[in-house]
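Please read the following report alongside the sequence and the model.

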Amino acid sequence: MNREMKAVIFDLDGVLCFTDKYHYQAWKAIADRLGIYFDEKINDRLRGISRMASLEIILEKSDRQYTLEEKEVFAEEKNAQYQKLLQQMSEKDMSDEVRQTLAELRHRGYRLAVGSSSKNAQFILRQIGAVSYFDAVADGNDITKSKPDPEVFLKAAEKLGIAPEQCVVVEDADSGIRAAKAGNMTAYALGGDVRYSGEKDVNLLSFSDILNYL
Ligand code: B16
Ligand code: MG
């Protein structure tokens, strides 16, 4: 056990499971209807950031301005479509590697939490059978400022009752790595997109690689 660290806070989308394709399908339907160009590369820029901030990025390619009311309707439509797609998620959407690593971290005495920008985090955790691994969940419903603001991770640490300096964050998005560092936490980067993120402390080779550091 790494004696300086007492807790591990996991990002959800892109770390514990993958919902990118559902976000993409749901946003794509709206972008197509509005005649706005949208592709998977733009979708990658939406990782870890809030629903409204995601919509603003999509609307960068629009040649007309939309009112706040219109934007709220688009965001609600997207979410309704996204929630329909999430119904098909099941325990198969969280790998054995992730399950075994979480169980081993608990066995080693770490407190575990989820720190996600998503307002659908609790639903997703139930769908994939992940609820019982965690002592706390902080998500998009608990915060006013989305990553790269540290609020969601500080909230998770507070719910765990552990000082931020004793928390490790595991993240797949640059916005999440920056949020962890802004909150005085140790940041482990997982996945190709964050390998070169300037502020991370460790590049993980795989999810179970966490066990080599803790
Ligand atoms: P929702 P994470 C993030 O989750 C997603 O990566 C991001 O693409 C999404 O826009 C955001 O949640 C908000 O999601 O619309 O469900 O509230 O990576 O922080 O677990
Ligand atoms: Mg993520």
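Asn 184 lies in the loop between H8 and S5, where helices (H or I, at least four residues) and strands (E, at least two) are DSSP runs numbered from the N terminus. Although Asn 184 is not a glycine, its phi is positive, at about 65 degrees.

This is a predicted model, in which local features need pLDDT of at least 70 and side-chain atom pairs count only at pLDDT 80 or more, while totals for chains, interfaces and linings use all residues. Residues are numbered from 1 along each chain as its sequence is written, chains are lettered from A and ligands numbered from 1 in the order in which they are written, and side-chain values use heavy atoms, with hydrogens and water left out.

## The magnesium site

The magnesium ion (ligand 2) is coordinated at 2.1 to 2.2 Å by Asp 11 (OD), Asp 13 (O) and Asp 172 (OD); donors are N, O and S atoms within 2.8 Å of the metal (3.2 Å for Na, K and Ca), and since water is not among the atoms, sites may look incomplete.

## Two crossing helices

The axes of helix H3 (residues 51-59) and helix H4 (residues 68-86) come within 10 Å and cross at roughly 110 degrees, the axes being lines fitted to C-alpha atoms, for helices over the stretch in contact, with angles from 0 to 180 degrees between N-to-C directions. H3 and H4 are therefore roughly perpendicular to each other, because angles of 65 to 115 degrees count as such, whereas those under 35 are roughly parallel, those over 145 roughly antiparallel and the rest oblique.

Contact means heavy atoms within 4.5 Å, and the residues that make it include Leu 55 and Leu 59 of H3 and Phe 74 and Ala 75 of H4.

## A cis peptide bond

Lys 147 and Pro 148 are joined by a cis peptide bond, with omega about 20 degrees. Pro 148 is placed in the loop between strand S3 (136-138) and H7.
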